[in-house]
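Student: Could we go through the side-chain contacts in this one together?
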Amino acid sequence: MGEKTEAQKRAQKKYMASFVEVKVRMTPERRSAVQAHAEAQGESTTGFINRAIDETMERDKAAGEAKEGE
């Protein structure tokens with residue numbers, strides 16, 4: 001793939017400006033395990049981490065709603 005055009009560079013910069021970075025600390029071994037798991041699922045590491053967060057938040061929300069109904 002060739003060099004990006006100026007328009008592509010501007011578009012990429014604009015796209016990336018809509019995100020923030022969150023730093024997560026883990027051992028190199030854990031990072032390797034997370035990367036390997038994500039790859040085995042056909043996902044990027046970022047995609048896997050975001051999915052894990054979403055699923056956990058949904059589960060926690062459902063558990064909280066169940067407690068309220070008791």
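Student: Where do E55 and R51 lie, and how many residues apart?
Tutor: Both lie in helix α3 (residues 45-68), 4 residues apart, about one turn of the helix, where helices are DSSP runs of H or I with at least four residues, numbered from the N terminus. This is a predicted model, in which local features need pLDDT of at least 70 and side-chain atom pairs count only at pLDDT 80 or more, while totals for chains, interfaces and linings use all residues. Residues are numbered from 1 along each chain as its sequence is written, and side-chain values use heavy atoms, with hydrogens and water left out.
Student: What do E55 and R51 form?
Tutor: E55 forms a salt bridge with R51, the closest N and O atoms being 3.2 Å apart; the term requires a side-chain nitrogen of Lys or Arg within 4 Å of a carboxyl oxygen of Asp or Glu. R51 also meets E43 in a salt bridge, at 2.9 Å from N to O.
Student: And how many salt bridges are in the whole structure?
Tutor: The search finds 4, and one of them joins K9 and E6 at 3.5 Å, N to O. K9 and E6 both lie in helix α1 (residues 6-16), 3 residues apart.
Student: Is E6 buried or exposed?
Tutor: E6 counts as exposed because its relative accessibility is 51%, given that buried means under 20% relative accessible area, exposed over 50% and partly exposed in between (1.4 Å probe, protein chains only). K9, at 36%, counts as partly exposed.

Key
Helix = DSSP H or I, 4+ residues; strand = E, 2+ residues; numbered from the N terminus.
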